[in-house]
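The sequence and the model are shown below.

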Amino acid sequence: MRKLHQLITACALGAITLTGSALAADAANELTGKQIAFTNTKGNCLACHAMPTVPDAVSAGLIGPPLIAMSARYPDKAKLRAQIWDATVANPSSSMIPFGKHGVLTEAEIDKVTDFVYGL
């Protein structure tokens, strides 16, 4: 099962990297954290996570834990940001894409996604 998750992660990272470059830098700066999280060419959080408190989060994945009560789970917002930046630091077996480490998201985009997810 772990190999399957690693394969899915590798494929998703490749797809995000290839299609993510199609977005203009200016347009990406204008996206909200929610838009980045929902966009399949950027954050694509819904591919792996459910967001039970967000009514329009309809395409919920089952690979990662549901994103709910995040400020209680991560009282230190910086730790949540670090998790989004590179989840393999805290868990080397994580199948979560290292969005910052691999340059999938910019620093500003990671900040926006962190703010959005922290509010869930």
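## Aromatic pair

Rings of Phe, Tyr and Trp (its six-membered ring) count as a pair if their centres lie within 6.5 Å; planes under 30 degrees apart are called stacked, those over 60 edge-to-face, and the rest tilted. By this rule there is 1 aromatic pair. Phe-38 and Phe-116 form this pair, which is edge-to-face, with 6.2 Å from centre to centre and 80° between the planes. Phe-38 belongs to helix 3 (residues 33–38) and Phe-116 to helix 6 (residues 107–118), so the pair ties together parts 78 residues apart in sequence. Helices here are DSSP runs (H or I, at least four residues), numbered from the N terminus.

This is a predicted model, in which local features need pLDDT of at least 70 and side-chain atom pairs count only at pLDDT 80 or more, while totals for chains, interfaces and linings use all residues. Residues are numbered from 1 along each chain as its sequence is written, and side-chain values use heavy atoms, with hydrogens and water left out.

Exposure is given as relative accessible area: buried means under 20%, exposed over 50%, and partly exposed in between (1.4 Å probe, protein chains only). Phe-38 is partly exposed at 22%, whereas Phe-116 counts as buried at 16%.

## Salt bridges

A salt bridge is a side-chain nitrogen of Lys or Arg within 4 Å of a carboxyl oxygen of Asp or Glu. The structure holds 6 salt bridges. One of them joins Lys-42 and Glu-109, whose closest N and O atoms are 3.2 Å apart. Lys-42 lies in the loop between helix 3 and helix 4 (70–73) and Glu-109 in helix 6, so this pair ties together parts 67 residues apart in sequence. Lys-42 is buried at 7% relative accessibility, and Glu-109 is buried at 2%.

Another salt bridge is formed by the side chains of Asp-115 and Lys-77, at 2.5 Å from N to O. Asp-115 is in helix 6 and Lys-77 in helix 5 (residues 77–85), so the pair ties together parts 38 residues apart in sequence. Asp-115 is partly exposed at 45% relative accessibility, and Lys-77 is partly exposed at 33%. The side chains of Arg-81 and Asp-111 also meet in a salt bridge, at 2.5 Å from N to O. This pair links distant parts of the chain, with Arg-81 in helix 5 and Asp-111 in helix 6, 30 residues apart. Asp-111 is partly exposed, at 35% relative accessibility.

## Helix 6

The expected span of a helix is 1.5 Å times one less than its number of residues. For the 12 residues of helix 6 this should give 16 Å, and the end C-alpha atoms are 16 Å apart, which agrees.

Which residues of helix 6 are buried? They are Glu-109, Ile-110, Val-113, Thr-114, Phe-116 and Val-117. Seen down the axis of helix 6, these buried residues fall within an arc of 165°, so they line one face of the helix. The arc is that of the directions from the helix axis to the C-beta atoms. In an α-helix there are 3.6 residues a turn, so residues three or four places apart point the same way.

## Thr-114

Thr-114 lies in helix 6 and is buried at 4% relative accessibility. Contact means heavy atoms within 4.5 Å. Leaving aside neighbours within four places in sequence, Thr-114 is in contact with Lys-77, Leu-80, Arg-81 and Ile-84.

Terms used. Helix = DSSP H or I, 4+ residues; strand = E, 2+ residues; numbered from the N terminus.
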